[in-house]
Amino acid sequence: MTLFNATTTSEPTSNSKNKTLLTASKLTKTVQVGEQTLSIIKDVDIYINAGEFVVIMGKSGSGKSTLLGLLAALDYPDSGSVELADQTLSQLDEDALAVIRQRDMGFVFQSFHLLPTLTVAENIAFPLDIARRPNQARVDELIDAVDLGHRRDSLPNQLSGGEQQRTAVARALVSHPKIVFADEPTGNLDEQNANQVMQLLLDLRQQVGSALVVVTHDPALAEMADRVITMHDGRIVS
């Protein structure tokens, strides 16, 4: 396993050689709970470089997953902007965002989010099918890469948790995305499967050249990151 030097700053280093891929400026997000308005994200600025592996950490309720959802255009901020490759995501409608998600983003979630009626091969191929860009050779390549050739025709309910997450990792990388977002990708796995899944995710994203943004509580993942961002009470504190 390749280990990276973790830092504790959200500011770019002077010797950074990577082009900035994603920039978020002055993000805020509130939610209504009964008659009370709660601020979840408070005036957050963040950047992600092309090919960079960034971990977002913080206690439960600090706003990590909400921030990830805003960066991934899964939710709209109340104010502020998110730009991916010079496109302002927060100004686009849902149809335009769907195209960008299919083309430029990959997603890995704690609860896998596999389609229950599709096989392993079909789940991996799904982003390509939706984009009308079928590529069976790419699907076969990733099935082999995640060591699921013997499971290619199995449904998700026939898989172990580790096998389901390996399928999800392959699906996230199948379209050669510019950036992959992962929300607690090892949270439902035992240590052995967690290590295997995370190593697969790191290896595959390096092959593709994708940036990787991971929300996690796991300090072992933070040690692998190029950069660690820490959140507290809806703000980036380091």
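The side chains of D233 and K42 form a salt bridge, with a distance of 3.0 Å from N to O. D233 belongs to the loop between β9 and β10, whereas K42 belongs to strand β2, so this pair ties together parts of the chain that are 191 residues apart in sequence. The model is a predicted one, and the distances and areas given here are to be read with that in mind.

Why does K42 count as buried? The relative accessibility of K42 is 19%, and buried means under 20%.

The side chains of K42 and D233 are also joined by a polar contact of 3.0 Å. Leaving aside residues up to four places away in sequence, K42 touches L27, T28, D233, G234 and R235.

D233 also has a place in a hairpin. Strands β9 and β10 form this hairpin with two residues between them, and D233, in the turn, has a positive phi of about 55°. The pairing of β9 with β10 (residues 235–236) is antiparallel and runs over two bridges. Within this pairing, M231 stands opposite I236 in β10.

Strand β9 (residues 227–232) has a further pairing, with strand β3 (residues 53–57), which is parallel and runs over four bridges. There, V54 has R227 in β9 as its bridge partner.

In general, the strands of a sheet pair through backbone hydrogen bonds, in a parallel or an antiparallel sense.

Strand β4 (residues 79–84) pairs with β5 in the antiparallel sense over two bridges. In this pair of strands, Q87 in β5 is the bridge partner of L84.

Strand β1 (residues 20–33) contains V31. With a relative accessibility of 32%, V31 counts as partly exposed. Together with V33 and L38, V31 forms a nonpolar patch on the surface, and the accessible area of these three residues together is about 200 Å².

**Salt bridges**

In total, the structure holds 10 salt bridges.

| Salt bridge | Distance (N to O) |
|---|---|
| D233 and K42 | 3.0 Å |
| D45 and K26 | 3.8 Å |
| E141 and R138 | 3.3 Å |

The side chains of D45 and K26 meet in a salt bridge of 3.8 Å. This pair links distant parts of the chain, since D45 lies in strand β2 and K26 in strand β1, 19 residues apart. D45 is partly exposed at 37% relative accessibility, and K26 is partly exposed with a relative accessible area of 46%.

The salt bridge between E141 and R138 has another setting. These two residues are three residues apart in helix α4, so about one helical turn separates them. Are E141 and R138 buried or exposed, or partly exposed? E141 is partly exposed, with a relative accessible area of 42%, while R138 has a relative accessibility of 8% and counts as buried.

**A loop residue, R151**

R151 is found in the loop between α4 (136–145) and α5 (161–173). At a relative accessibility of 24%, R151 counts as partly exposed.

Which residues does R151 touch, if residues up to four places away in sequence are not counted? They are V120, Q158, L159 and E163. One of them, V120, is 31 residues from R151 in sequence, yet their C-alpha atoms are 6.7 Å apart in space. With another, E163, the side chain of R151 makes a polar contact to the side chain at 3.4 Å.

Notes: Residues are numbered from 1 along each chain as its sequence is written. This is a predicted model: local features need pLDDT of at least 70, side-chain atom pairs count only at pLDDT 80 or more; totals for chains, interfaces and linings use all residues. Side-chain values use heavy atoms; hydrogens and water are left out. Two strands pair if DSSP finds at least two bridges between them. Patches are made of residues with over 30% relative accessible area and no salt bridge: like charges are joined within 9 Å, nonpolar side chains (Val, Leu, Ile, Met, Phe, Trp, Tyr) within 5 Å. Accessible areas come from the Shrake-Rupley method with a 1.4 Å probe; for residues, only the protein chains shown count as cover. A salt bridge is a side-chain nitrogen of Lys or Arg within 4 Å of a carboxyl oxygen of Asp or Glu. Buried means under 20% relative accessible area, exposed over 50%, partly exposed in between (1.4 Å probe, protein chains only). Contact means heavy atoms within 4.5 Å. A polar contact is a pair of N or O atoms within 3.5 Å; within protein, one must be able to donate a hydrogen and the other to accept it, and residues adjacent in sequence count only if both atoms are side-chain atoms.
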